[in-house]
Amino acid sequence: MARKQMVAVGVDLGGTTFGVAIVGPNGELLAQQSYDTPRASGEPQALYAIAAAVGGTMEQAVVTPDQLLGVGVGIPGPVDPDAGTIRQAPNMHELDGVNAVEVIGQELSAALDRPVTVRIANDAYCHTLAELRYGAGRDVENLVMLTLGTGVGGGVALANKVRRGPRQILGEVGHIIVEPDGPVCGCGNHGCLEAIVGRDGMVEQAVRLLEHGVPSVLSERGGRYHELLTPRVIAEAAAGGDGVALEVMNTSGHYIGVALCSCIVLTDPDLIVLGGGIANAGDVLFEPIRRTVHHRSMISGFDTSRIVPSELGGDAGVLGAAALILDEIAD
Ligand SMILES: [Zn+2]
């Protein structure tokens, strides 16, 4: 690494591991490390671990404290980015209400012997920002991002900025209602997109078909469906032509398409980016999504070839977190 190049650090916090990356001014991934997230009750151990890991990763990459522009952290849950507090961290409730900017900032400033700027954002926001700056959306200013995983994350960029709104809810595509009397969602509502195509929703769709005795390669899982089935397993079976898996992907793609039709009329995007574990599933997922958007969004005439997979994959979290800092410098 060139001496004295300025860098930002991006951190992608997860319930079991977290990633730390050193990122150059144009989004270059210069170094990256993964660490175990410590589990603790009462104390925000994960935040102390992040501060220590940032220092360690910088040392390994031979980055000196005076090269550091700041540290951005993506949080898996709602945050108040202006106050720097974590509102709620699923599976890490010891972080609820904690001011992550203060805790990490104080630890790092002491360790590096200089003030360190820290910013936080929700992880879906970071994914969206990363794709907008460095990924599939780098040539557009308006995009909708959907991250398919355990939950369904969402983000909206308008006029080259990711938007969240005064209550941080803008872009929560996973909670668009696509089936008013559908299954219960984690948010308490019925029939949100996340309740149908989040991890549990997708597995539930498959289990329902398997329990009706529809023949499938997935039946070999000995009935322990809820433990052994994942969206990725279902997507792979669908790519292999399995009927049950294809039906799940068709249904999921349909509902994703329905949600996207709402996104299109609300935000008029140049591009729609799908990320997360099964975004690489290819045509088995994208075909039903594009078909639904084609038939259900006549008013927009949206070019369905503009619905594309994420280009950054697993790196989107750390890159977007670093971009929280790099965007501020650029402004
Ligand atoms: Zn919901």
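This is a predicted model: local features need pLDDT of at least 70, side-chain atom pairs count only at pLDDT 80 or more; totals for chains, interfaces and linings use all residues.

Me: Into which domains is the protein chain divided, and how far apart do their C-alpha centres lie?
Reply: Domain 1 takes in 7-126 + 316-330, and domain 2 takes in 140-310. The distance runs between the C-alpha centres of domain 1 and domain 2. The value is 29 Å.

Me: Which element gives the largest share of the side of domain 1 that touches domain 2?
Reply: On the domain 1 side, 5 residues are in contact with 9 residues of domain 2. The largest share of that side is 3 residues, and they come from helix 3.

Me: How far apart are the end C-alpha atoms of helix 3?
Reply: Helix 3 has 12 residues, 123-134. At 1.5 Å a residue, the helix should span 16 Å. The end C-alpha atoms agree with that, at 16 Å.

Me: How many residues of helix 3 are buried?
Reply: Buried takes 20 or more other C-beta atoms within 10 Å. D123, H127 and Y134 are among the residues that pass. Helix 3 is mostly covered, and the count is 12 of 12.

Me: Which are the edge strands of the open sheet of 5 strands?
Reply: The strand order is 10-9-8-11-12, with mixed pairing. An edge strand here pairs on one side only. That gives strand 10 (161-163) and strand 12 (307-309).

Me: In strand 9, which residue is the bridge partner of T147?
Reply: Strand 8 (residues 143-148) and strand 9 (residues 152-158) run antiparallel. They are joined by 6 bridges. The partner of T147 is G153.

Definitions and conventions:
Residues are numbered from 1 along each chain as its sequence is written. Helices (H or I, at least four residues) and strands (E, at least two) are DSSP runs, numbered from the N terminus. The expected span of a helix is 1.5 Å times one less than its number of residues. Two strands pair if DSSP finds at least two bridges between them. Domain bounds come from an automatic or database domain assignment. Two residues are in contact if their C-beta atoms, placed from the backbone, lie within 7 Å.
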